[in-house]
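Dear colleague,

I am handing over a structure to you with this email, and below it I describe what was found when it was examined. Please keep it open beside the text while you read.

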Amino acid sequence: MKELVLAGSHFEMGRQYGRSCRRRIWILSRAVQLMVALSKRPGADLFNLRYRHVPAELVRFSKNRHQHRRRAREFYDSLEAHYPEGLDMLRGMAEGARVNFDDLLFLNTAQDLARGCTTIAAVGKATATGEPVLGMNADENRGVERLEVILDIRPDHGYRHKVCAMAGFLPFNFGMNETGLTQIGELMFLNNESVATPTAPILLQASELSRCGSVGEAEALLESRPPCGSGSVVYVADSEKFLRLETNAVVSEMEVVDEGIRWNVNAPQTSTLAPFSAIDDLTAPASMFSESRTRRLTTLFDRFAGQLDEAAVQSI
């Protein structure tokens, strides 16, 4: 996997990122736009794309792209208010990769497409040492893996941190900073038909590792933001405890945990978000994967009770 060292202002780091991954960014930005268009075909979804419509959607690509750009711009104000350094990084990336800024903005606000993950967190008597343990897997095929990069981000202002992301993305879902603060996250299957269209993207969760050195600081930062995205969960851990935040466009629930285990398999676990769960409404394979993983995790946590460590998480 390609590893990049990015240093300087956020604009300068974005430009370095764009120059180093120009071709990967170009491919991914167009592929995501095409996937979104295909998923909107009658009877299709992101797990059942109707590829026979690819030629027609390629003909409509320019028209769809303008619609995607307008949609992405709806998130601009919330990003400017809560994550301006992210916008600076996207501007630099657009210049370095020679791609349209709004195409990159759409790429980074269409992240609700990737929903095949499992996240777990444990602390206290649930772990072998009592210290927090976080684990995450991302269900991706080899084609996607070839587009991923490791970023060693060294900002002029803020904490140095390492993260993994697909080329062109500002990473929001897993990494660690120089203080040891660790973050993982995933998207959830929610039925949001009864709530407003999100005006704050999940991308707002990309700044914790740069700004925070403890769970307490991350808690304050997350509480200062509006609910964001169409459904996500994020875990943040330091050496003593972890927090979990589940959120959609209108509601959120956060808890700080210093004893016990929490996990998500693309479905909400808190009482606030549970009414929005769409797992039962999904067709295979998505709902089957989530249900089977939930059963498997329950069994494995019983097996590794009080013994969770790096090796156990790898096994799980």
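Please bear in mind that this is a predicted model. The secondary structure of the protein consists of twelve helices and eleven strands. The protein has 316 residues, of which 53% count as buried, and its accessible surface comes to about 14,500 Å², with 50% of that area belonging to carbon and sulfur atoms. If you look at the contacts between residues with a separation of 6 or more, you will find that 64% of them are made by residues 24 or more positions apart.

Now to the sheet. Strands of a sheet pair through backbone hydrogen bonds, and they can do so in a parallel or an antiparallel way. Here, eight strands form an open sheet with mixed pairing, in the order E1-E4-E5-E6-E7-E8-E9-E10. Strand E1 (2–8) and strand E10 (252–257) stand at the edges and have a single partner strand each, which means that one side of each is left without a neighbour in the sheet. On average, and with direction ignored, neighbouring strands of this sheet are turned by 15 degrees against each other.

Finally, which strands does helix H10 lie across? Helix H10 (residues 215–223) lies across E8, strand E9 (242–247) and E10, and it runs at about 15 degrees to E9.

How values were computed: Residues are numbered from 1 along each chain as its sequence is written. This is a predicted model: local features need pLDDT of at least 70, side-chain atom pairs count only at pLDDT 80 or more; totals for chains, interfaces and linings use all residues. Side-chain values use heavy atoms; hydrogens and water are left out. Helices (H or I, at least four residues) and strands (E, at least two) are DSSP runs, numbered from the N terminus. Buried means under 20% relative accessible area, exposed over 50%, partly exposed in between (1.4 Å probe, protein chains only). Contact means heavy atoms within 4.5 Å. Accessible areas come from the Shrake-Rupley method with a 1.4 Å probe; for residues, only the protein chains shown count as cover. Two strands pair if DSSP finds at least two bridges between them. Axes are lines fitted to C-alpha atoms, for helices over the stretch in contact, and angles run from 0 to 180 degrees between N-to-C directions.
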